[in-house]
Amino acid sequence: MVFDLDHLPADVLGFLAERHLGTLTTLDRTGAPQVTPVGLTYDAAERLARVITWSTSVKARNVVRRPGQRVALCQLDGGRWLTLYGAATVTDDPVRTAGAEARYAERYRTPKSRPDRVAIEIAVTRIVGRA
């Protein structure tokens, strides 16, 4: 099912707030999909998903190599699943990165401090699945 981003059902928002890991699919230097497990957060008001990582991670380097590339974030739990699609960028802005870390801490746990912390921000344009 494709969801209306302006009117996400409560069960979709609830599922995106529960503690579940997901996967992030980016394109590597050859154009092949690279899938990695991630913790993710979603801000429905901003239509923005965030993944924290470090600047030298493969996922961050893949996005930096192709800024604005469309990526997929997927989360599943049994028969419930959601995939969020959108254009990705990497930010090392301290305010944006701290905000991403704070959201991560709310959903998962306080992340380890890293001097090379970055956030991958996905401007979500489509959510599909079953929550």
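## Pockets, strands and core

The second largest pocket is lined by L13, L16, A17, T41, Y42, A44, R103, E106 and R107. This is a predicted model. Three elements each give at least two residues to that lining: α1 (10–17), β4 (41–43) and α3 (94–107).

The largest pocket has a lining of 15 residues. Nearest its centre lie I52, W54, Y104, R109 and R117. Two strands, β3 (33–38) and β5 (48–54), each supply at least two residues of the lining of the largest pocket.

**Strand pairing**

How do β6 and β7 run relative to each other, parallel or antiparallel? Strand β6 (residues 70–77) and strand β7 (residues 80–91) run antiparallel, joined by 8 bridges. R70 has A87 in β7 as its bridge partner. The two strands form a hairpin with 2 residues between them. In the turn, G78 has a positive phi of about 60 degrees.

Strand β7 also pairs with strand β8 (residues 117–130). Here 11 bridges join the strands, again antiparallel. Opposite V90 stands I120 in β8. In a regular strand, side chains alternate between the two faces of the sheet.

**Nonpolar core**

The largest nonpolar core holds 27 residues. Y42, L73, L82, L84, I122, V124 and I127 touch the most other members. The elements α1, β5, β6, β7, α3 and β8 each supply at least two residues of this core. Which element gives the largest share of this core? Strand β8 does, with 5 residues. Nonpolar side chains tend to be buried together in soluble globular proteins.

I122 is one of the core residues that touch the most other members. What does I122 touch, leaving out residues up to four places away in sequence? The partners of I122 are R47, L48, A49, V51, V71, L73, Y85, G86, A87 and A88. Of these, L73 is also named among the core members with the most contacts to other members. A87 is also the bridge partner of R70.

Y42 links two parts of this account. Y42 lines the second largest pocket, and Y42 is among the core residues touching the most other members.

Methods:
Residues are numbered from 1 along each chain as its sequence is written. This is a predicted model: local features need pLDDT of at least 70, side-chain atom pairs count only at pLDDT 80 or more; totals for chains, interfaces and linings use all residues. Side-chain values use heavy atoms; hydrogens and water are left out. On a 1 Å grid over the protein atoms alone, a cavity is a set of points where a 1.4 Å probe fits but cannot get out, and a pocket is an open set with protein on both sides within 12 Å along at least five of seven lines; lining residues have an atom within 4 Å of a point. Helices (H or I, at least four residues) and strands (E, at least two) are DSSP runs, numbered from the N terminus. Two strands pair if DSSP finds at least two bridges between them. A nonpolar core is a set of buried Ala, Val, Leu, Ile, Met, Phe, Trp, Tyr and Cys residues joined through side-chain atoms within 4.5 Å. Buried means under 20% relative accessible area, exposed over 50%, partly exposed in between (1.4 Å probe, protein chains only). Contact means heavy atoms within 4.5 Å.
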